[in-house]
Amino acid sequence: LGIRRRDGLDLQRVTARIGVDAHAMFASKIAEQTAQGLVAMTGSSLRLTDAGLLFADRVGSDYLALGVR
């Protein structure tokens with residue numbers, strides 16, 4: 001998905017690419033990780049925070065696990 005990149009990813013672009021509303025699909029995980037201080041949303045852009053960079057592999061794998069279901 002690209003979440004592990006410093007600049008993050010645009011969920012609207014992901015939605016266009018996969019044909020599923022990415023924000024809706026990952027809303028609970030985004031809320032959880034935002035509360036933990038691992039990610040931040042700006043508009044449709046989701047990016048790792050400084051703290052999230054320390055756990056980038058875990059953060060990214062959380063989204064991949066949701067997408068596999």
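How many residues lie between E2 and E3 in their hairpin, and which residue in the turn has a positive phi? The hairpin has 2 residues between its strands. The residue is Gly-43, with a phi of about 65°.

Now the ground rules. This is a predicted model: local features need pLDDT of at least 70, side-chain atom pairs count only at pLDDT 80 or more, and totals for chains, interfaces and linings use all residues. Residues are numbered from 1 along each chain as its sequence is written, and side-chain values use heavy atoms, with hydrogens and water left out.

Let's start with the whole chain. It holds 4 helices and 3 strands. Those names come from DSSP runs, numbered from the N terminus: helices are H or I with at least four residues, strands are E with at least two. Read from the N terminus, the order is β-α-α-β-β-α-α.

How big is it? The C-alpha atoms fill a box of roughly 30 × 25 × 20 Å along the principal axes. The radius of gyration is 11 Å, which agrees with a compact globule of 69 residues, because such a globule would have a value near 11 Å. That radius is taken over C-alpha atoms, and the globule rule is 2.2 Å times the number of residues to the power 0.38.

Next, the surface. Of the 69 residues, 35% count as buried. Buried means under 20% relative accessible area, exposed means over 50%, and partly exposed is in between, with a 1.4 Å probe and protein chains only. The chain exposes about 4,300 Å². Carbon and sulfur atoms supply 55% of that area. The areas come from the Shrake-Rupley method with a 1.4 Å probe; for residues, only the protein chains shown count as cover.

Contacts now, meaning heavy atoms within 4.5 Å. Take those between residues at least 6 apart in sequence: 49% join residues at least 24 apart.

On to the sheet. Strands of a sheet pair through backbone hydrogen bonds, either parallel or antiparallel. Here we have an open sheet of 3 strands, in the order E1-E3-E2, with antiparallel pairing. The edge strands are E1 (9–10) and E2 (39–42), and each pairs on one side only. Two strands pair if DSSP finds at least two bridges between them.

E3 covers residues 45–48, and it pairs with E2 over 4 bridges. Val-39 stands opposite Leu-48 in E3. Thr-42 has Ser-45 as its bridge partner. On the E1 side, 2 bridges join E1 to E3. There, Asp-10 has Ser-45 of E3 as its bridge partner.

Which side chains of E3 are buried? Leu-46 and Leu-48 are, and they point to one face.

Now the loops. Leu-38 sits between helix H2 (22–35) and E2. Is Leu-38 buried or exposed? Leu-38 is buried, because its relative accessible area is 6%. Beyond four places in sequence, its contacts include Leu-48, Thr-49, Phe-55 and Val-59. Leu-9 is 29 residues away from Leu-38 along the chain, and their C-alpha atoms are separated by 14 Å.

Thr-49 lies in the loop between E3 and helix H3 (50–54). Thr-49 has 15% relative accessibility, so it counts as buried. Leaving out residues up to four places away in sequence, Thr-49 touches Arg-6, Gly-37, Leu-38, Val-39 and Ala-40.

Gln-36, in the loop between H2 and E2, is partly exposed, because its relative accessibility is 43%. Gln-36 and Leu-53 are 17 residues apart in sequence and 13 Å apart in space, C-alpha to C-alpha. Asp-21 is in the loop between helix H1 (11–18) and H2. At 44% relative accessibility, Asp-21 counts as partly exposed. Asp-21 and Gly-37 are 16 residues apart in sequence, with 23 Å between their C-alpha atoms.

That's the tour.
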